[in-house]
Amino acid sequence: SGGEMQRVSIGRAIVREPRVFLMDEPLSALDAKLRESLRSELKDLQMRLGATFIFVTHDQVEAMTMGDRIGILDHGRLVQVGAPRDVYNSPRNTFVASFVGSPAINLLPGQLSSNAIVVTPKLFEVPASGAATAGEGSYTFGVRPEDVLVESGAPVEARVHDIENHGIEKILTLRVGDTLLRATVPAMVAVAVEDSVRFGLRHAITIARALHV
């Protein structure tokens, strides 16, 4: 099978003891369970051999879990290089922000004014936690789903548009007017579609001055 051929080719490369391994999507033909197992094995192998692995993948989970440093390519142009945590927390533009992270980041056009984020057209306003270091003006704000806090007494009201149950957590799609944004909540939170909830933001990233990048 294609998966067996990929694993054999990795073995053939290892026995030659190269200083640098060039791997072009070596796990793409494997099923999900085997990919997860082999990701761990390859990371352990790299540490034991002490060799450099250059690993090409379209799977951002593989990049984030396996890489000491990752580079993001957009149409052949290298747009950002850094440790996975740095790329995740400080994306250089909206392409990087939307590529890295699962569930995907919320991208909200808005205004930064008087230490508040006003999402445009004026749907809601929240304190500018994490974004206040930027100057006032128009930005695209990036908010990770884990930074959307669903709790009573929060500043913004929304409707639950959709619910994804992932076992250890739920991913809620919230609707404010025509705007949808995603939030992660613990699995034990009791919520149903079309319920009214309130949310706030723990942290927002000012990704770009232009509204669209």
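At 69% relative accessibility, Glu17 counts as exposed, where exposed stands for over 50% relative accessible area, buried for under 20% and partly exposed for what lies in between, computed with a 1.4 Å probe and protein chains only. The model is predicted, so that local features are taken up from a pLDDT of at least 70 and side-chain atom pairs only at pLDDT 80 or more, while totals for chains, interfaces and linings use all residues. Residues are numbered from 1 along each chain as its sequence is written, and side-chain values rest on heavy atoms, with hydrogens and water left out.

The phi of Glu17 is near 55 degrees, a positive value in a residue other than glycine. Most residues other than glycine have a negative phi, and most peptide bonds are trans. The loop between H1 and S1 also holds Pro18, which is partly exposed at a relative accessible area of 29%. When neighbours within four places in sequence are left aside, Pro18 is in contact (heavy atoms within 4.5 Å) with Ala13 and Ala51.

The protein has five helices and 14 strands, and its C-alpha trace spans about 60 × 40 × 25 Å along the principal axes. Of its 213 residues, 40% count as buried. Among contacts between residues at least 6 apart in sequence, 57% join residues at least 24 apart. The protein exposes about 12200 Å², of which carbon and sulfur atoms supply 52%; such areas come from the Shrake-Rupley method with a 1.4 Å probe, and for residues only the protein chains shown count as cover.

Helix H1 takes in residues 2-15, which makes 14 residues, and it reaches 21 Å from its first C-alpha to its last, close to the 20 Å expected at 1.5 Å a residue, the expected span being 1.5 Å times one less than the number of residues. Which residues of H1 are buried? They are Gly3, Gln6 and Ile10. These residues cover an arc of only 65 degrees around the axis, which puts them on the same side of H1, the arc being that of the directions from the helix axis to the C-beta atoms. The face turned away from this buried side carries the exposed residues Met5, Val8, Arg12 and Val15. On the buried side, the packing partners are strand S1 (20-24) and helix H2 (32-49).

Helix H2 can be read in the same manner. It has 18 residues and reaches 26 Å from its first C-alpha to its last, close to the 26 Å expected at 1.5 Å a residue. In H2 the buried residues are Arg35, Leu38, Arg39, Leu42, Leu45 and Gln46. They cover an arc of only 135 degrees around the axis, which puts them on the same side of H2. Lys33, Glu36, Met47 and Arg48 are exposed residues on the face of H2 turned away from its buried side. The buried residues of H2 pack against H1 and S1, and also against strand S2 (52-56) and helix H3 (60-66).

Arg35, placed in helix H2, is buried with a relative accessible area of 18%. Not counting residues up to four places away in sequence, Arg35 touches Leu27, Ser28, Leu30, Asp59 and Glu62. Arg35 and Gly3 are 32 residues apart in sequence, and their C-alpha atoms are 9.7 Å apart in space.

His75 sits in the loop between strand S3 (70-74) and strand S4 (77-82), and it has a positive phi of about 55 degrees although it is not a glycine. His75 is exposed, with a relative accessible area of 83%. In the loop between helix H5 (94-99) and strand S5 (106-113) lies Pro103, which a cis peptide bond joins to Ser102, with omega at about 0 degrees.

Notes
Helices (H or I, at least four residues) and strands (E, at least two) are DSSP runs, numbered from the N terminus.
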